[in-house]
Amino acid sequence: MTSNAASPLIERAGIPPHRHTPARRVSVFLSQHARARLGLLLSAPLLWLGLVYIVALAALLVTAFWSVDSFTGEVSTTWTLDNFVTVFTGAVYQAVTLRTVGIALLVTIVDIVIALPIAFFMAKVASPRLRRILVIAVLMPLWASYLVKAYAWRSVLSEGGLLEWLLSPFGGQTPGYGIPAIVITLSYLWLPYVILPIYAGLERVPDSLLEASSDLGAKTGRTLVSIVLPMLWPAIIAGSIFSFSLSLGDYITVNIVGGANQLLGNLVFTNVGAANNLPLAAAIATIPIAIMVVYLTAARRSGALESL
Amino acid sequence: MNNTARRSAIFTGLAIASVAVLTACGTTSGSSDGGSAADELGDFEGSVSILAWPGYVEDGSNDPTVDWVSAFEEQTGCTVSSKTYGTSDEAFNLMKTGGYDVIAASGDASLRLVASGEVAPVNTDLLENYDGIFDFLKEKSWNSVDGVSYGIPHGYGANLLMYNTDVFPDGLDSWSAVFDDAAANAGKVTAYDSPIYIADAAVYLMATQPDLGITNPYSLDETQLAAAVDLLKTQRASVGEYWSDYLKEIQAFETGNSVVGTTWQVIQNSVSTGNTEVVLPKEGATGWSDTWMIASKAKSPNCAYAWLDYIASPEANAQATAYFGEAPSSIAACDFRDDCEAFHAGDADYASQIWYWSTPIADCLDGRTDVKCTDYSAWATAWSEIKG
C-alpha cells in the first residue's frame with residue numbers, strides 16, 4: 001500500500017528520487033520498527049546504568065557477606081553474617097552512625113536556612129540582570145575543585161588563620177578542627193546544590209498569588225507560611241536530599257578539617273584502605289544506603305517527590 | 001508470550017547474568033606465591049614504576065637540589081614514575097591493584113606482601129651493591145622468608161617525638177607527654193593514624209607497666225592489647241587530629257594546631273617555622289627498616305633490578321636516606337653524608353633497640369606458645385574503636 005501511494009510522488013517534478021544509501025535503509029528500517037528504535041536509543045544508557053548501579057550495588061551487597069583472611073588480605077568467598085553482626089552490635093558503629101546522621105541533618109538545616117533568603121531574593125526581588133549575576137555567583141564555587149575548597153577551609157580555620165583574625169577583635173576564636181569545622185565546610189560545599197532547586201521552586205510561585213494574598217490583607221509572614229512554603233516544600237525536600245546524602249558519604253572533608261573525628265565514610269575508607277577489610281567496609285556502606293532509602297521513602301510519603 | 005511473562009523472563013535473564021558477573025568478580029585465588037627469583041638480567045624496558053614513602057624517590061621536582069632519580073635515568077635509560085603513600089596499609093592496597101614494579105616496604109607491609117604473593121624473591125647475586133649492606137640488616141624476619149631474600153634493605157630509623165619548643169621550653173624526654181600527661185595540651189596532641197600506632201602505646205607500657213609482661217610491642221595478647229587500647233582511648237580525648245599525610249602534620253605544627261606528637265625526621269626537616277624539636281624518648285620507640293622489593297607481576301623487572309642496585313649504591317643510598325632522615329643501609333654511604341653518627345648508622349646495638357614495624361600475627365612473635373596473640377585485623381578493629 002505505502003509504496004503504491006508513494007510512487008506518484010517520485011514522478012513529480014522538483015523532488016529528486018530517494019537514493020538507496022545504507023544510511024537511508026537503516027533510517028527507513030528504524031522509522032518502521034518503533035521497538036528497534038527504542039532499543040537502540042536506550043541500550044547504551046541502560047547497559048551503563050545496569051553495570052554501574054545495579055551490578056556495582058549488588059557486588060557491594062554480596063561482598064558484605066564474605067570475609068577476609070587477615071594476613072594475606074585475600075577475600076574468601078564463604079558466606080557469613082559476621083560483618084552485619086559486627087556493624088549492628090558494635091558500639092563504635094552506632095556512635096559513628098549517630099554522629100554522621102546528626103552532622104548530615106545539621107548541614108542540611110544550615111544550608112536550607114541560608115539558601116531560603118538567597119533564593120527568595122534571586123527569584124522575587126532581584127532585577128533580571130542581577131539575577132543572572134547571582135546565579136553565576138552561586139554556581140561559581142562548583143567550578144573549583146572540591147579539595148581546594150576543603151583545604152582552603154583548613155587554612156581559614158587554623159590557629160592564627162583568617163577566621164581567628166576576623167573574630168579576635170570581638171573576643172572570639174576559631175572553633176579549630178572538629179565537628180563545627182566539618183559542619184561549616186560541608187555546608188559551604190553543598191550550598192549551591194540547595195540554593196538551585198529552591199530558586200527554581202520559587203520561580204514557579206506566581207507573583208499574582210503573592211499579590212492576591214496581600215490584597216486579601218495577609219501580612220508578609222502569613223503569605224510566606226500559607227502561600228510560599230507549601231508550594232516550595234518539594235523544592236526544599238529536593239535540596240535537602242542533595243545536602244543530606246552528600247554529607248552522609250563524605251570522608252575527605254572530615255579528614256582535612258575534622259580533627260580526630262570519624263564519620264561513616266571514614267570507617268568505610270579505613271576498612272578498605274587501612275584494614276584491607278572490604279567485606280566489613282561493604283557492610284558499613286549499607287548503613288548510609290539504608291538511611292537514604294528511609295529518607296527517600298519518607299519524602300515520597302510526604303508527597304514532595306510527586307510534585308517535583 | 002504475554003507482557004508479564006516476557007518481563008519476568010527478562011528479569012530472570014538479568015539475574016542470571018549478574019550472578020555470573022559476580023561469580024567472575026568474586027573468585028579469588030587463595031594464597032599465591034610470588035614465583036621464583038630471576039636468574040639473569042635482560043635488556044632494560046625503558047621505564048620503571050615505583051611505589052615508595054615520601055622522600056624516597058626524588059627527581060628534583062620537590063626541591064631542585066634533591067635529585068637522585070635523574071642520574072639513574074641517565075645511566076640506565078629507565079624512566080622513573082613514582083607514587084608516594086602515607087601508611088603501610090595504603091601501600092599494601094596499592095600493590096594489590098597492580099601496576100607497580102618496585103616498592104619500598106616497611107616491615108608491617110613486607111611480610112603481608114610476601115604472603116599474598118605480590119612480591120617476588122630477589123636474587124641478591126644480581127645486585128652488585130648487596131655486599132656493601134650492613135650484615136645486621138640482611139636476612140631479617142621482615143625482608144626474608146625461610147632463608148629466601150625478598151629485597152634489599154634501604155634504611156632504618158625511629159618514630160620520634162616532636163614538640164613545639166614554645167610550649168615545652170625545657171624539652172621532653174618521655175612519651176608521657178602524649179600519654180599520661182597529654183591532657184595538659186588537650187586538643188593539640190597528634191598521633192599517627194594507623195593501627196600500627198598501637199605498638200607505640202605498647203612500647204610506653206613496656207616501660208611504665210612491667211606487670212603486663214609485654215616483651216615485644218607487636219605481639220600482644222588480649223589483656224595486653226586491651227591495656228594499650230585503654231591508654232589510647234584516654235589519649236584520644238586530648239588528640240586534636242590524627243595524621244597519615246605528612247604534609248598535614250607539617251602544616252599543623254607550623255600553625256600551632258599540633259604541639260606534641262609522633263613524627264618522622266623528614267617532617268622535622270620540613271617544618272619551616274623553626275620552633276619544633278625531635279627526640280628519641282627514653283622508653284625507646286617504634287621504627288622502620290625498609291626494604292626495596294620487586295612486584296611478582298612487574299612489567300619491567302630488569303629496570304626494577306637496576307633500581308634496587310642503584311638505590312643501594314653508597315652515593316644514592318646516602319642521598320635518599322639523608323633526605324628522609326634515617327640511617328643508611330650501605331656501609332660506604334657514610335662517606336657521602338656527615339650526619340651518620342646522629343642516626344647511629346651501623347651501630348647494631350642501637351638498631352636493636354628500635355622496635356621495627358612488623359605485622360602482628362596470631363602466632364606470638366615473642367615466642368610465647370601458651371597464648372594466642374592478637375593479629376592485625378584485631379588491631380584494625382581496635383583502632384576504629386579508639387578513634388570512636
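Two residues are taken to be in contact if their C-beta atoms, placed from the backbone, lie within 7 Å. On this criterion, in the predicted model, the interface between the two chains brings 37 residues of chain B into contact with 29 residues of chain A. Sorted by class, the side of chain B that touches chain A comprises 11 nonpolar, 17 polar and nine charged residues.

The contact between them draws 11 residues from domain 1 of chain B and 10 residues from domain 2 of chain B. On the side of domain 1 of chain B that touches domain 2 of chain B, two residues are nonpolar, six are polar and three are charged.

Most residues other than glycine have a negative phi. Against this background, Glu139(B) has a positive phi, near 50 degrees, and is placed in the loop between β4 (119-120) and β5 (144-145) of chain B. Because 13 C-beta neighbours lie inside 10 Å of Glu139(B), this residue counts as partly exposed, the class that falls between exposed, at 12 or fewer such neighbours, and buried, at 20 or more. Asp146(B), likewise not a glycine, has a positive phi of about 50 degrees and is located in the loop between β5 and β6 (148-149) of chain B. Asp146(B) has 4 C-beta neighbours inside 10 Å and therefore counts as exposed.

In chain A, Met292(A) lies in helix α14, which covers residues 278-301. With 15 other C-beta atoms within 10 Å, Met292(A) is partly exposed. When its neighbours within four places in sequence are left aside, Met292(A) is in contact with Ser245(A) and Leu248(A). Met292(A) and Leu142(A), which are 150 residues apart in sequence, are 24 Å apart in space, C-alpha to C-alpha.

Terms used:
Residues numbered from 1 in each chain as written. Chains lettered and ligands numbered in written order. Predicted model: local features only at pLDDT ≥ 70, side-chain atom pairs only at ≥ 80, totals over all residues. Nonpolar A, V, L, I, M, F, W, Y, C, P; charged D, E, K, R; others polar. Helix = DSSP H or I, 4+ residues; strand = E, 2+ residues; numbered from the N terminus.
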